[in-house]
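Q: I would like to learn how to read a model like this one, feature by feature. Could you walk me through it?

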Amino acid sequence: MGLRADRVSRSVGGTPVLDGVSLAPRPGTVTGLLGPNGSGKSTPLRLLAGVLAPDAGVVTLDGDPLDGLGRRTVARRLAAVEQQADTQVDLTVLDVVRLGRVPHRRAWSPASASAADGAAVRSALARTGLTDKAGRCRRTLSGGERRRVRIARALAQEPRELLLDEPTNHLDVQHQLDLLALVAGLGLTAVGALHDLNLAAMYCDRLVVLARGRVVARGTPEEVLTEELIADVYRVRSTVTRPAPGGRPHIRFPGTLPALAEAAHGG
């Protein structure tokens, strides 16, 4: 049954942020949450992670309400990778990744580590290409490498669901491609908030588009990413190239809509 959000709503200071949003990511696929700034992309991730509680609706894990499950139980099943989670503490990469094993231990102490913990940490380092950097201080790494460390820590939890809040933010093109290729190749049920429509088209199996806190489109990249939807939601002109069957759409942006351009210049 997996992780689901059923008609969840959330308000902040009396202002609706989400209004009746439902999400049911398919097992083993990557779902991208799209929408302009302020559309509510990050809030569903926090609801799915149990960090926030919905004002209405329910989030369930295998049919059980998430708020009725213990934090340790949830952390053994799903992992979240936030935009910024670094601290100023001088931890090594290995130390950070080992933190992902905390939900599986009876007590937080090195003595409680098991052979399973060690195997999970080694696997997480290998899958993220960080084995040779295990002894490095996290603060000496590049932005892309630090993002991979956070994913490695999440993988050490051995989750079945992975939640990512704008994982490519502030990364250069190479690191964006490397990171999303890594996520797509994990075989987990992944849900991520993304800004770049072309990256979403390349690496996501399904897309959910939000505008003003509501779902306005959902489906495959080929079904969702149309020139009409991009104009309606993002208020920009676009040209969507339709590839051969089985390919992914490509979006180009020749300019803003005339009405917005005129408004920006006082017209």
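A: The protein chain has ten helices and twelve strands; helices (H or I, at least four residues) and strands (E, at least two) are DSSP runs, numbered from the N terminus. This is a predicted model, in which local features need pLDDT of at least 70 and side-chain atom pairs count only at pLDDT 80 or more, while totals for chains, interfaces and linings use all residues. Residues are numbered from 1 along each chain as its sequence is written, and side-chain values use heavy atoms, with hydrogens and water left out.

Q: What radius of gyration does the protein chain have, and what would a compact globule have?

A: The radius is taken over C-alpha atoms, and the globule rule is 2.2 Å times the number of residues to the power 0.38. For 267 residues that rule gives a value near 18 Å, and the 20 Å of the protein chain agrees. Along its principal axes, the C-alpha trace spans about 65 × 40 × 40 Å.

Q: How do α5 and α6 pack?

A: Axes are lines fitted to C-alpha atoms, for helices over the stretch in contact, and angles run from 0 to 180 degrees between N-to-C directions. Helix α5 (residues 143-156) and helix α6 (residues 173-184) pack at an angle of about 15°, with their axes 10 Å apart. The two helices are therefore roughly parallel to each other, a label for angles under 35 degrees.

Q: Which residues of α5 and α6 meet?

A: Contact means heavy atoms within 4.5 Å. Gly144, Arg147, Arg148 and Ile151 in α5 meet His175, Leu179, Leu182 and Val183 in α6. These residues divide into four nonpolar, two polar and two charged; Ala, Val, Leu, Ile, Met, Phe, Trp, Tyr, Cys and Pro count as nonpolar, Asp, Glu, Lys and Arg as charged, and the others, Gly among them, as polar.

Q: Is Ser42 buried or exposed?

A: Buried means under 20% relative accessible area, exposed over 50%, and partly exposed in between (1.4 Å probe, protein chains only). Ser42 counts as buried because its relative accessibility is 15%. Ser42 lies in helix α1 (residues 42-49) and, leaving aside its neighbours within four places in sequence, is in contact with Asp165 and Glu166.

Q: What about phi in Glu158 and His170?

A: Most residues other than glycine have a negative phi. Glu158, in the loop between α5 and β7 (161-165), has a positive phi near 55° and is partly exposed at 47%. His170 has a positive phi of about 65°; this residue lies in the loop between β7 and α6 and is exposed, at 68%.

Note on methods. Angles under 35 degrees count as roughly parallel, over 145 as roughly antiparallel, 65 to 115 as roughly perpendicular and the rest as oblique.
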